[in-house]
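Student: I have a chain on screen and want to read it step by step. Can we go through it by question and answer?

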Amino acid sequence: MNFTNEYVKKYTSSLQSQIKLISIPAITSLDMLIVVNLVENNDKDLAWLAPIATTLIKNPYMTSLYAANQDGKSVFIYRITEDMRSSEHTLPANAVFSVNFNQVSGKQRRVFLNKELEVVSWEYYDNGGYEPRVRPWFKNTKLDGSILFSKPYKFYPSQHLGITFSRRAYDGKSVVGVDFDYKSLSRVAQDMKYSKHAKTFLLTPTKDVIASNIDIDNDYLLESSEPGLVKALVNLDRLVPFKTVMQSITNNGQASRLLITPLNVGDEHVIYLVNLIKEQEFLAMSAYFSSHFNIQNMLFLTLIFFIISILSTRRIARPLIYLNKSLTNIQTFKYRHKKYQPSNIAEIDQLNETMLLMESVLVDFFNNLYHVARSSKPEELSASIVEQTEVILSASSCQLFITNRTNRQKFHLAANSGSIPEFELQSFAHDNKDVFDKHVHKLSGEGAKAIFSGGPCKTGFIIPLMNRKEENIGVLVIGFKDKIDKTAYDRIRLVRNFIGFNEIVLEHLEKEQEQQELFHSFVMMTATALDTKSPYTGGHCQRVPEITKLIAEAAESDTGLFADFSLTSKSREELLIAAWLHDCGKVTTPDYVMDKATKLETIYDRIHEIRMRYEVLKRDADLVYWQSIAKGMDKSRAQQVCHELKAELDEEFAFIASCNPGSEFLAPEKQQRLTEISKRTWLRTLPDDIGISQQALAKKPAGLNQLPAIENVLADKLEHLCTWEEKQKQNKNSKRDFKILQPAHRFNRGEIHNLIVKAGTLTEEERYHINDHIVQTYIMLDQIMYPEYLKNVPLIAGSHHEKMNGEGYPLKLKGEEIPMGGRMIAVADIFEALTASDRPYKDAKKLSQALKIMAFMVKDEHLDHDVFDLFLTKGVYESYADEYLKPEQLDFVDVDGLRAIYIKK
């Protein structure tokens, strides 16, 4: 049995190497592909496909590589197999690869390529509505960059069983994956069998069959086929990876041996290799080992002599062992920088130096990939490029110059690896434009003097950086103080190749920055449009972000209550975007409501209609005067009655007009008088249902238009009521539970209803529309697809009308439920509104008056105590006032007196 145990150990060691050969290339492919936007690659120019095709050719166990983004767009690269040809007879005979470009809607395109990656043919095809975003390999990946190892499932469209390795890109927008189908994995299982007649299975921790060396279909169940085996598979999670355990079992009535080997795939995932061997075959193998015992004794003696030989040739063996370790390191991706102690054998030293150079090159290359993969900003990538280049080439200095999309001819320094002054590139570029069309240009003679003028560098290289449109996006200038050595010449091609990879990433980051700038300009355009829409809002939407920024900066520098408050560049961007868009919902508020200056104003002031009615009544008084004289009334008496009626009419209208501006509180007795005045009638002789819109006509009661018609001078009519459409009802278009009470009617334009408003000019319905702007802000902002770091913009922007006591709107948030950014914007919003001098409907408050009002709002638990106290004590209000307020608004502010209002003793 000892012989068998020794064989098991050797077998396990072999498995460990084999599983690494399968999994490491797949994981490395995912590591490289997540930094490239594979989905957005050109489907006409397929030059980008070369490294991916090489990966599929070199790794026969992989069946496909693919990627998809959060918009549902995807690209799949398949190696065409015999199974695919047997199921699709129309595949071109010389096609080696199939590349499928999928959209959520529209035509799906498939391109076939030969082994030289030349397009053989292409076609539009039906992908059956394939949706990658609902597939487990896409939706179950995490943002931390970890690799997802899927359960076995049926692939689309082949319906073959298999597993997937997938990984989400660092920006969270796309996922890349690699497939291993059942048939390719079955070849693995065949290679991993313990003996000729052993049944071999690859199992997941949940005992699902991934592959086997026996023929199984998609409906195969291990429980029914091998019941004895399944019964013995217990406590798998307690087994040690890459250590084979063996036990005797009875399976299907036969004595058998079961060997279980846990195999690590990647960093976290485990699969189990199970070998089932009949007892008779297992004992025959043991007997075979026993019969060769004497031979092994002889081998042992031989080994003794061999060891003696090794000891005698130790000086030769040591460098060979060192060389073997270097080879093993490269095979297992464990290469590193190290020093070599020379031997006295020139040929071995030369071979070792070559291997060390190869290992060092690989270390430098993958270090570069590591840094590039983690670069999220152009300046980070630029710094990584120059640092890595300087190390790889042992250069004296390395400087990266980049252009921008508005001017590709002007270079500016993006990164410098050392302390050497900036190279003179611009003038050189003007006189040597052909240099920037070369792959690599060596600097020497006059060219080197022009660029390195006044510096210590004498020679060097220029490597242009190009985007996929063949536009020059930058130049890498490498300088050497001394003569360029052979190692630098040997490695310059490596640098050029990894720079090619950096070109793609740099272009991607530039595109990302363009999109960010586009979004920011759209945000500012929206805010500017809101301020332009109404003179009553002035520059409010542009000034609130400035105050918010000042408050946030004060909080970051505070060492008291806000000592733990800090903003990253992304969280600062989130706060300021929320401040810019905090009132974007006002775009839906009717202008006449926003700008309503009098109670009867809609798109015009209806006081003129009432004035005309009184004009008619005064003309009627003149008619009555002449009619009374004609009937024999004394002329002086008739004139007195006429004058008294006109005076009464003048006084009534003057009273109605005085109630219209809403500048004073309307007492109950005045409301009652308006009601009494409204009872006066006038005679209308013209129809009021002609020359009007269909919408207005629909509101007219049918059959009541008999002329002449007696009407009240002030009236609340049915046609004055505007009902809510179904889509306008609250919470119909939002995922949030708004808690603003919606009035019964959308508008009530009744004349009495409007005139008897106690304070201001807005009715209950119009006040709702003013407050509803924040509901519309939520609805509008919730429709935008944000990157992860901006996902709280709607809540921060929409919460600036909430109150600390929970009595605000629209969500009735209270205290800590209101995000800190929303509390800061609330203080900024109120301070700007109180001090603004560009509002035609009110005078700007002086500084002390505005702050006193806000202090009482803090006392009443409307504003956040700590934020306002910071705003007051850190002089934030002064910084803003000095730049934006008029001189006459700048008066003395008693900070201690204001704090005494809201600080509880």
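Student: Which residues does T589 touch, leaving out those up to four places away in sequence?
Tutor: This is a predicted model. T589 sits in the loop between α17 (569–580) and α18 (591–594). Leaving out residues up to four places away in sequence, its contacts are K533, M594, H769, I770 and H773.

Student: Is T589 buried or exposed?
Tutor: Buried means a relative accessible area under 20%. The value for T589 is 3%. Therefore T589 is buried.

Student: And V119: buried, exposed or partly exposed?
Tutor: V119 lies in strand β5 (residues 119–125). Its relative accessible area is 48%. Buried is under 20% and exposed is over 50%, with partly exposed in between. So V119 is partly exposed.

Student: How much accessible area does the nonpolar surface patch with V119 have?
Tutor: The patch is formed by V119, W122 and Y124. Taken together, their accessible area is about 330 Å².

Student: Which residues of helix α28 are buried?
Tutor: Helix α28 covers residues 865–873. At its start, a side-chain oxygen of D864 comes within 3.0 Å of the backbone nitrogen of D866. After the helix comes G875, with a positive phi near 70°. The buried residues in α28 are V867, F868, D869, L870, F871 and L872.

Student: Against which helices do the buried residues of α28 pack?
Tutor: F871 is one of those buried residues. F831 touches F871, and also Y877 and Y880 among others. The packing partners of the buried α28 residues are α16 (540–557), α26 (820–835), α27 (847–859), α29 (876–884) and α30 (895–902).

Student: Which residues have the most contacts inside the largest nonpolar core?
Tutor: That core has 55 residues. Its largest share, eight residues, comes from α26. Those with the most contacts inside the core are I551, F831, L851, F868 and F871.

Student: How many residues are in the other core, the one with F97 and V111?
Tutor: This core lies apart from the largest one. V176 and I210 are also among its members. Its residue count is 33.

Student: What share of the protein chain's residues counts as buried?
Tutor: The chain has 905 residues. Its secondary structure comes to 30 helices and 23 strands. The buried share of residues is 47%.

Terms used
Residues are numbered from 1 along each chain as its sequence is written. This is a predicted model: local features need pLDDT of at least 70, side-chain atom pairs count only at pLDDT 80 or more; totals for chains, interfaces and linings use all residues. Side-chain values use heavy atoms; hydrogens and water are left out. Patches are made of residues with over 30% relative accessible area and no salt bridge: like charges are joined within 9 Å, nonpolar side chains (Val, Leu, Ile, Met, Phe, Trp, Tyr) within 5 Å. Accessible areas come from the Shrake-Rupley method with a 1.4 Å probe; for residues, only the protein chains shown count as cover. A salt bridge is a side-chain nitrogen of Lys or Arg within 4 Å of a carboxyl oxygen of Asp or Glu. Helices (H or I, at least four residues) and strands (E, at least two) are DSSP runs, numbered from the N terminus. Buried means under 20% relative accessible area, exposed over 50%, partly exposed in between (1.4 Å probe, protein chains only). Contact means heavy atoms within 4.5 Å. A polar contact is a pair of N or O atoms within 3.5 Å; within protein, one must be able to donate a hydrogen and the other to accept it, and residues adjacent in sequence count only if both atoms are side-chain atoms. A nonpolar core is a set of buried Ala, Val, Leu, Ile, Met, Phe, Trp, Tyr and Cys residues joined through side-chain atoms within 4.5 Å.
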